[in-house]
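Subject: Structure for your files, with notes

Hello,

Here is the structure you were waiting for. My notes on what was found in it follow below.

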Amino acid sequence: MTFEMIDGMSNINLDPTMTLAFASVLLVFGFFVKDKIKILDRYCIPAPVIGGFIFMIITWIGHSTNSFEFVFDNIFQSTFMLAFFTTVGLGASLTILKKGGKLLIIYWLIAGVISLFQNSIGIAVAKITGLPPAYALLSSSISMIGGHGAALSYGNEFVKLGFENGPLVGAAAATFGLISAVIIGGPLGRRLIVKNNLKPPAEEIIDSSITEINVSNKEELTSLDIIKNVMVIIVCMAVGSMVSKGVGHIIKFGFPSYVGAMFIAVIVRNLNEKFKFYNFDFALVDGIGTVMLNLFLSLALMTLKLWELSGLVGAVLLVVLLQVVFMILVAYFIVFRLLGSNYDAAVMCAGLCGHGLGATPSAIVNMTAVNEKYGMSRKAMMIVPIVGAFLVDIIYQPGVLWFISKFVK
């Protein structure tokens, strides 16, 4: 860490290691604040978002008073993001997908179609208000369905096209969506259940073996087992990055590297289920993914410049507000009926609000709250996370690329 004065402002320069250490401290501080302020925990606001945005306010004060500025050498952020999405892919088992049956297909298609409508809303607002289409799309399915990871990834790609505020717009929209997701999901599910006098199914159709598919082996992992699990993550990241570059070359646009890594990881996971190349341990891989995601978000958010959003707040806010209204209306009046108008459908609608506006953890939080009060829906708890974490990407990613090619490039 070095200090220097430039034009009367104190510049605090941090090398890559110090930048990572700073992000780690902010992450832990975010957990501390979340534990102390219960409303943040209740609404499932991520700790890195809390720590990151608190630091963004501090940097905004430094900028506004022209007194200090942090300069980060942030080389680890993209690697952590890539690692996280790779672990998501390694958690996607085709054995689980088959057990979802027809309802899984219906829910998957619904989520995909909703992502296309979200993009259409964003572009419509852009046409009316003059908001750059890139920022409109970052406030649509990219951040609503993709969450912070996708928003910042695509935001960085838009920077290369000249939209310098891309990462900040994406992060702000994703945070707004996350908060909205956990505010409306539970109440909406409750309203559907109470209004229609719904009860959980007497017998679960989905067999209990699904809970064992992603459960780690009871045997203690050897050091070599751990190394192999980590090696697979790294290799999938490398191969997936090459695949994404190839796709980007074909479509003539920077295709996010995490998408290729995630799909390669899915292939590896399911080949390993059949041929047993190595002792896959879901708990280990999932834990690595959690750490990678939290560090990635902490790094990404602490380096954003809040003041750069000032000229965009109005139109971006309009887009995300319309996204929330759209999700409430479509879930309550349309999706509930398409899913069967039963208890499972109500819980799945609560989950849809979670990952359709925020992230898969938000969906799980929403459904858990409903299940604890009214009874378990195993179908919802199996299908929604699978679609939200992985399957919806198959539809929403190509849709995003089409909107980009049509309205941005």
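**Salt bridges**

Arg269 is buried, with a relative accessible area of 3%. Buried stands for under 20% relative accessible area, exposed for over 50%, and partly exposed for what lies in between, with a 1.4 Å probe and protein chains only. Before going on, please note that this is a predicted model, in which local features need pLDDT of at least 70 and side-chain atom pairs count only at pLDDT 80 or more, while totals for chains, interfaces and linings use all residues. Residues are numbered from 1 along each chain as its sequence is written, and side-chain values use heavy atoms, with hydrogens and water left out.

Arg269 forms a salt bridge with Glu273, and their closest N and O atoms are 2.9 Å apart. The term covers a side-chain nitrogen of Lys or Arg within 4 Å of a carboxyl oxygen of Asp or Glu. Both residues belong to helix α12 (residues 257-275), and because they are four residues apart there, about one helical turn separates them. Helices (H or I, at least four residues) and strands (E, at least two) are DSSP runs, numbered from the N terminus. Glu273 is partly exposed, at 24% relative accessibility.

By this rule the model has three salt bridges. Another one joins Lys160 to Glu157, with 3.6 Å between the closest N and O atoms. These two residues sit three residues apart in helix α8 (residues 147-160), which is about one turn of the helix. Lys160 is exposed at a relative accessible area of 65%, whereas Glu157 is buried at 14%. There is also a salt bridge between the side chains of Lys38 and Asp35, at 3.7 Å from N to O. Asp35 counts as partly exposed, with 45% relative accessibility. As background, side chains of opposite charge can pair when their charged atoms come close.

**The sheet**

Three strands make up an open sheet with mixed pairing, in the order β1-β2-β3. Its edge strands, β1 and β3, each pair on one side only. On average, neighbouring strands of this sheet are turned by 25° against each other, direction ignored. Such angles run from 0 to 180 degrees between N-to-C directions, and the axes are lines fitted to C-alpha atoms, for helices over the stretch in contact. Two strands count as paired if DSSP finds at least two bridges between them.

Strand β1 (residues 2-6) runs antiparallel to β2, and five bridges join them. Thr2 has Asn13 of β2 as its bridge partner. The two strands form a hairpin with two residues between them, and Asp7 in the turn has a positive phi of about 55°. On the β3 side, β2 and strand β3 (residues 68-72) run parallel and are joined by five bridges. There Asn11 stands opposite Glu69, and Ser10 stands opposite Phe68.

How many residues of strand β2 (residues 9-14) are buried? Six of its six residues are, so the strand is mostly covered by the definition given above. Met9, Asn11 and Asn13 point one way from β2, and Ser10, Ile12 and Leu14 point the other way. In a regular strand the side chains alternate between the two faces of the sheet.

**Cysteines**

A disulfide is taken as a pair of cysteine sulfur atoms within 2.5 Å, and by this rule the count is zero. Cys353 is buried at 0% relative accessibility, and Cys236 is buried at 2%.

Val325, Ile328, Leu329, Phe333, Ile334 and Leu338 form a nonpolar patch on the surface, and together they have about 540 Å² of accessible area. Patches are made of residues with over 30% relative accessible area and no salt bridge, where like charges are joined within 9 Å and nonpolar side chains (Val, Leu, Ile, Met, Phe, Trp, Tyr) within 5 Å. The areas come from the Shrake-Rupley method with a 1.4 Å probe, and for residues only the protein chains shown count as cover.

Thr87 lies in helix α4 (residues 77-90) and is buried, at a relative accessible area of 8%. Thr87 and Val232 are 145 residues apart along the chain, and 9.7 Å separates their C-alpha atoms.

Regards
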